[in-house]
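This report walks through one protein model, element by element. Please keep the sequence and the structure in view while reading.

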Amino acid sequence: MQVRILGCSGGIGAGLKTTSILLDDDLLIDAGTGVGDLSLEELRGLRHVFLTHSHLDHVVGLPLFIDAAFEAYLENPLQVHASQATIDALRAHLFNDVIWPDFSILPSAADAVMHFEPLADGDVLEINSRQIRAVAVKHAVPTLGYCVQAGGKVLAFSGDTTNNQTLWPALNAYENVDVLVIEVSFPNRQAELAEKSGHYCPRTFAQDLAKLKHYPAIWLTAMKPGEEELIMDEVRAELPDRTVRRLESGVVFYL
Ligand SMILES: [Zn+2]
């Protein structure tokens, strides 16, 4: 499986793009501003989008890229997988015919270019030899992380989260986890803000990581712009025995 990081920042600024990860050439996890790096041809080849939650930095690209590749999705409708809460939020606040057209009924309800597919905690989908498991995590709004198993390897992506009791047992249930992409949004001095907004800081992340029995390559995402170096230093100080690196947009790796 090819993994291409289109965006992984907690905000925008020159060189910074928000969350979007392309698996092979047909499946996106989240649709932040990073999705704008895909060519029109690449956008037309997308078949599935798995959304972690409804926050703007994770969905802002979705209405725009469906519009850009509209004709391709007439032939092969885009499947948008998300929790029912996320789908309800997108219908009410984004695809509401005020902010953007409702692509789930265009050009007609029977032949729409976008299909919403509700997912719940623990659901597993098999798509082209990749097994994708949804795992509920804890954030300011209902949020799903995703574990993707392909070719005997496991990639886990937390989505936005803070201390939780759900992701870690789900990861421990796998024989191994090869790559963990996980958020640490705030430095320790903003621990209170992190907790209130449903994010990790280095200290709370280290508390949770102690629950993981595996030793995956750990890549951090969703750091607040300008705080990346401090967060990395604080995480390394908390976790001297773990290999932790900062994820950057444009990175491609294979599992
Ligand atoms: Zn969020």
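Which residue in E11 does Leu155 stand opposite? Leu155 stands opposite Val179, and the sections below place this pair in its sheet.

## About the model

This is a predicted model, in which local features need pLDDT of at least 70 and side-chain atom pairs count only at pLDDT 80 or more, while totals for chains, interfaces and linings use all residues. Residues are numbered from 1 along each chain as its sequence is written, and side-chain values use heavy atoms, with hydrogens and water left out.

## The sheet from E7 to E13

Seven strands form an open sheet with mixed pairing, in the order E7-E8-E9-E10-E11-E12-E13; strands (E, at least two residues) and helices (H or I, at least four) are DSSP runs numbered from the N terminus, and two strands pair if DSSP finds at least two bridges between them. At the edges are strand E7 (124-127) and strand E13 (244-246), each pairing on one side only. From one strand to the next, the twist averages 20°.

Within this sheet, strand E10 (residues 153-157) and strand E11 (residues 179-183) run parallel and are joined by three bridges. Helix H9 (residues 228-238) packs on the sheet, where it touches strand E12 (217-221) and E13, and its direction makes about 175° with that of E13. Contact here means heavy atoms within 4.5 Å, and angles run from 0 to 180 degrees between N-to-C directions of axes fitted to C-alpha atoms, for helices over the stretch in contact.

## The sheet from E6 to E14

Another open sheet of seven strands, also with mixed pairing, has the order E6-E5-E4-E3-E2-E1-E14. Strand E6 (114-119) and strand E14 (252-254) stand at its edges with a single partner strand each, so one side of each has no neighbour in the sheet.

Strand E3 (residues 27-29) runs parallel to strand E4 (residues 48-50), with three bridges between them, and Leu28 stands opposite Val49 in E4. Helix H3 (residues 61-68) packs on this sheet, touching E3, E4, strand E5 (78-83) and E6.

## The zinc site

The protein donors of the zinc ion are His53 (NE2), His55 (ND1), His139 (NE2) and Asp160 (OD), which lie 2.1 to 2.3 Å from it. Donors are N, O and S atoms within 2.8 Å of the metal (3.2 Å for Na, K and Ca), and water is not among the atoms, so sites may look incomplete.

His53 counts as buried because its relative accessibility is 0%, whereas His55, at 27%, counts as partly exposed; buried means under 20% relative accessible area, exposed over 50%, and partly exposed in between (1.4 Å probe, protein chains only).
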